[in-house]
Amino acid sequence: MSTYYLNYLEELESEAIFILREVWAQFQNPVILFSGGKDSILVTHLAKKAFHPAKIPFALMHVDTGHNFPEAIQFRDDLAKKLGVNLIVGSVQESINKGRVAEEKGKNATRNALQITTLLDSLEEHKVDCAIGGGRRDEEKARAKERFFSHRDEFGQWDPKNQRPELWNLLNGKYFEGEHFRAFPISNWTEMDVWNYLTKEKIEIPSLYLAHQRDVVKRNGSWIPNSEFLKLEPNEEIVSKRIRFRTLGDITITGGIESEADTMEKIVEEVSTMRETERGNRSDDKRSETAMEDRKKDGYF
């Protein structure tokens, strides 16, 4: 009898597909949280593989802050149409208009934390019992505490000290009325794994991840893109740099890096030499040592 071995990328793929199938088996109305970023693109691709030749059984849900990169929004719309899946969009601007949340003020104002209310409202409105995310443990210390199945209480909150054990690949998706789960199929992937897999599978990504000329301003040690939402300080100057983005969030908080990596193969080479986490240029994570964990406890992605 011949023996069949999986390489490490195939093992990660197999694990993620198992989790996606478990989500479909255990929950009534799961969705994929989709932002147009590389991790949500990867999760969507894995879902396509998990249920082939049928189409993806999950709707895509995006919380639109109104401050997104236009390229990411266009990519989102095009992919949903190509896959023939339902796209659910929750609007932070609508939440502001309804008085559900208040717009931040000041130089470093962001709508990032405002997404929490919009997300929880969208999950409740559409009766979602499991939201599948692209969070990975190597991204940030709070995300390292997540399990594959992450329980949220009736207020949508996360308690990192009250997580369910996941022994022998047994995942517990039981919940009471009003509660829901987040699922993280690519928890064990690293940034390098993601790029190696995207390259191997020839998966299309937004051009924002590739090096290109862009108008930016240096702020808090990061190159922030110029946009209609950016308010310049007297000592700040817009310059043109060859920039790419390692992670995508709001255009107001996502810092780029100077790079010549204009192909996925070059990105793999570049990432292999980096020592700073990809979220190191996200200004929302620099607000405090526990910024991400505090947001997650309130119901963030």
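Trainee: Over how many bridges do E7 and E8 pair in the antiparallel sense?
Mentor: This is a predicted model, in which local features need pLDDT of at least 70 and side-chain atom pairs count only at pLDDT 80 or more, while totals for chains, interfaces and linings use all residues. Residues are numbered from 1 along each chain as its sequence is written, and side-chain values use heavy atoms, leaving out hydrogens and water. Helices (H or I, at least four residues) and strands (E, at least two) are DSSP runs numbered from the N terminus, and two strands pair if DSSP finds at least two bridges between them. For E7 and E8, which run antiparallel, the number of bridges is 4.

Trainee: Which residue in the turn of the E7 and E8 hairpin has a positive phi?
Mentor: Happy to show you! The hairpin leaves 2 residues between E7 and E8. With a phi of about 55 degrees, the turn residue you want is Asn220.

Trainee: How many salt bridges does the structure hold?
Mentor: Side chains of opposite charge can pair when their charged atoms come close. The count here takes a side-chain nitrogen of Lys or Arg within 4 Å of a carboxyl oxygen of Asp or Glu. By that rule, the structure's total is 16.

Trainee: How many residues apart are Lys49 and Glu13?
Mentor: Their side chains meet in a salt bridge at 2.7 Å, N to O. Lys49 is partly exposed because its relative accessibility is 34%, whereas Glu13 is buried because its value is 14%. The pair links distant parts of the chain, Lys49 in H2 (residues 38–50) and Glu13 in H1 (residues 8–26), and the separation is 36 residues.

Trainee: Which residues are linked with Glu13 and Lys49 in a network of salt bridges?
Mentor: Glu13 and Lys49 form a salt bridge with each other. Their network of salt bridges also takes in Lys200 and Glu201.

Trainee: How far apart in sequence are the parts that Arg136 and Asp39 tie together?
Mentor: Asp39 forms a salt bridge with Lys38 at 3.8 Å between the closest N and O atoms, and another with Arg136 at 2.9 Å. Arg136 lies in the loop between E4 (130–132) and E5 (149–152) and Asp39 in H2, so the parts tied together are apart by 97 residues.

Trainee: How many of the 13 residues of H2 are buried?
Mentor: H2 spans 18 Å from its first C-alpha to its last, close to the 18 Å expected, which is 1.5 Å times one less than its number of residues. Its cover includes H1, E1 (30–33), E2 (59–64), H3 (70–83), E4 and H6 (191–201). Among the buried residues are Lys38, Ile41 and His45. H2 is largely enclosed because the buried count is 11.

Trainee: Which residue in E2 stands opposite Ile32?
Mentor: E1 and E2 pair in the parallel sense over 3 bridges. E2 is largely enclosed by the rest of the structure because 5 of its 6 residues are buried. Opposite Ile32 stands Leu60.

Trainee: Which residues does Ile96 touch, not counting residues up to four places away in sequence?
Mentor: Ile96 sits in H4 (residues 92–97) and is buried because its relative accessibility is 17%. Contact means heavy atoms within 4.5 Å. Ile96's partners are Val101, Glu103, Arg111 and Leu114.

Conventions. Buried means under 20% relative accessible area, exposed over 50%, partly exposed in between (1.4 Å probe, protein chains only).
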